[in-house]
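Dear colleague,

I am handing over the structure we spoke about, and it is shown just below.

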Amino acid sequence: MKTIRRYQTIIIRASLLGCLLTSGFACKKDLLDPANRTSISDATAFDNETRITAQINGLYASLKSVFFYGGGVIIYNELRGDEFIMNKPNVTTGQQSWLQAVNPSTTEVINTWSTGYAAINAVNTFLAGLEQNKNKITAEQYAGFSGEAKFIRALCYFTLVQIYAQPYTRDGGASPGLPLRLKAERSNEGNQLARSSVAEIYNQVLEDLNDAEGALPVHYSTTVLNTTRATKNTAVALKARVDLAKGDYAGVIAEGSKIVSAEAPFQAPSGGVNNKLEASIATVFSGSYAGPESVFSLPFTSTEPGLLANFFNIAPFNGSYYLNASATISDPVYSSATSADARKNFVFTNTSQKWLSKFKVPVSYSDWVPVIRYAEVLLTYAEALTRTGGEANLTRARDLLAAVRNRSDASYVFPSGTVNTQTTLLASILQERKIELLGEGFLVPDLQRQGLTLPAKSGAQGNAPAIPAADNRYIWPVPSSETAINPLIVQNPL
């Protein structure tokens, strides 16, 4: 009961904080209106760099909602796959997502959409104010601030389009996407907006990221800022992720080559943030860190807690979901008694079940959330090289794959039968993504971009069916909060 009460405290605290930050958004009768009524009430808000930086920090904080990168989108993208088994059925901890039974009125369907659009509107409001006051700062400051805001907007739109719309790879982006809101909304006036196509949303995301890359600084004054604020490397890394979701493998290669050296040890070029793999995987999940592997992370504290440990870990955490022994942890990396892979240390047994301990800070739940890691960049680059083909590309892909594996097990050598052809190498890279990124929210997006079925799973607390790509449950519905105020919106077709 103590851990459950602690979890409820987190939700209440986060909800109250959200109410305060958004002047009643999600706290009044119009709580479901995704057009956040943020306004610039302080006439001096853009008077100098310090004041504008405070607003930028607020934009990053908007990503940290418990329904967004404070845990929600990562958790839901894992629960809808087969890596975790439900331990404590509860509608407030993603039960309907795990069961593949959400509907337009399900809490997470509504709040993920509303939180994402609130963050987008905060960005739009900021950009409008920044433009009106650009004469108060230098051109370099203006470029940097606008680049950060556009990076945040791109991340929000990309996150939402992956959840609420069909994968780009299904039909080249022709499916209904999202309402594309690019203007600051301070009333209900802009509610009526039809869905742009998936391709149009992706185009906007990439336009924002291209602008961001050109405008963002190469680095900040501290390693913490290099981790928690966007740099040129951050924009490039997210572009590579977006291009992979599109199936634009040439685009991935072009972006990857900007921040991955031609030879091992692989790292970003000097002059900017020297992103590279940490020597030890344990360092990556040390609770709060700002090392070179973190291309972009969100920090959390005891007064601003995240949810990942409370969902995926147990004692003293809530232990809502344990690891599925039939899924990725059945791989010899985790299951073999002779495996020397350090990632085994993230899986432990308690109450006869296996749990994930990547996120482990007790009491405060202040594990940082790694949104973009350099390990992901290397595996994304390796996959694109492999799918493109050619012996030079395959050789480079093997080296990138080995870099990730050997970081955790220096003695491991991939058997030739697992990497000697384009087909076997691709399979090994995709499996390595599952191993390396377990519990970090990549499972369902990776399945969907390949058009693969969301697997069935079962446990003592319930069973969930397999969801093929043609099933209308493959993606989330548009929430009732949006359809209630936007007569131009259409629900996802069957």
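Q450 sits in the loop that runs between α19 (443–449) and β9 (457–459), where helices (H or I, at least four residues) and strands (E, at least two) are DSSP runs numbered from the N terminus. Please bear in mind that this is a predicted model, in which local features need pLDDT of at least 70 and side-chain atom pairs count only at pLDDT 80 or more, while totals for chains, interfaces and linings use all residues. Residues are numbered from 1 along each chain as its sequence is written, and side-chain values use heavy atoms, with hydrogens and water left out.

With a relative accessible area of 29%, Q450 is partly exposed (buried means under 20% relative accessible area, exposed over 50%, and partly exposed in between, using a 1.4 Å probe and protein chains only). Its side chain reaches the backbone oxygen of D446 at 2.8 Å. Once neighbours within four places in sequence are set aside, Q450 is in contact with R387 and L430, contact meaning heavy atoms within 4.5 Å.

**E376 in helix α15**

E376 belongs to helix α15 (residues 374–388) and, at 2% relative accessibility, counts as buried. The side chains of E376 and R241 are joined by a polar contact of 2.7 Å (a pair of N or O atoms within 3.5 Å; within protein, one must be able to donate a hydrogen and the other to accept it, and residues adjacent in sequence count only if both atoms are side-chain atoms). Not counting residues up to four places away in sequence, E376 touches R241, V371, R433, L437 and F442.

Helix α16 (residues 391–408) packs against helix α18 (residues 422–436) at an angle of about 30°, with their axes 11 Å apart; axes are lines fitted to C-alpha atoms, for helices over the stretch in contact, and angles run from 0 to 180 degrees between N-to-C directions. That angle makes α16 roughly parallel to α18, a term that covers angles under 35 degrees. Residues making the contact include L394, A397 and L401 of α16 and L425, I429 and E432 of α18.

Finally, eight of the eight residues of helix α3 (residues 72–79) are buried, so this helix is largely enclosed by the rest of the structure. Among those buried residues of α3 are Y76, N77 and E78.

Best regards

How values were computed. Angles under 35 degrees count as roughly parallel, over 145 as roughly antiparallel, 65 to 115 as roughly perpendicular and the rest as oblique.
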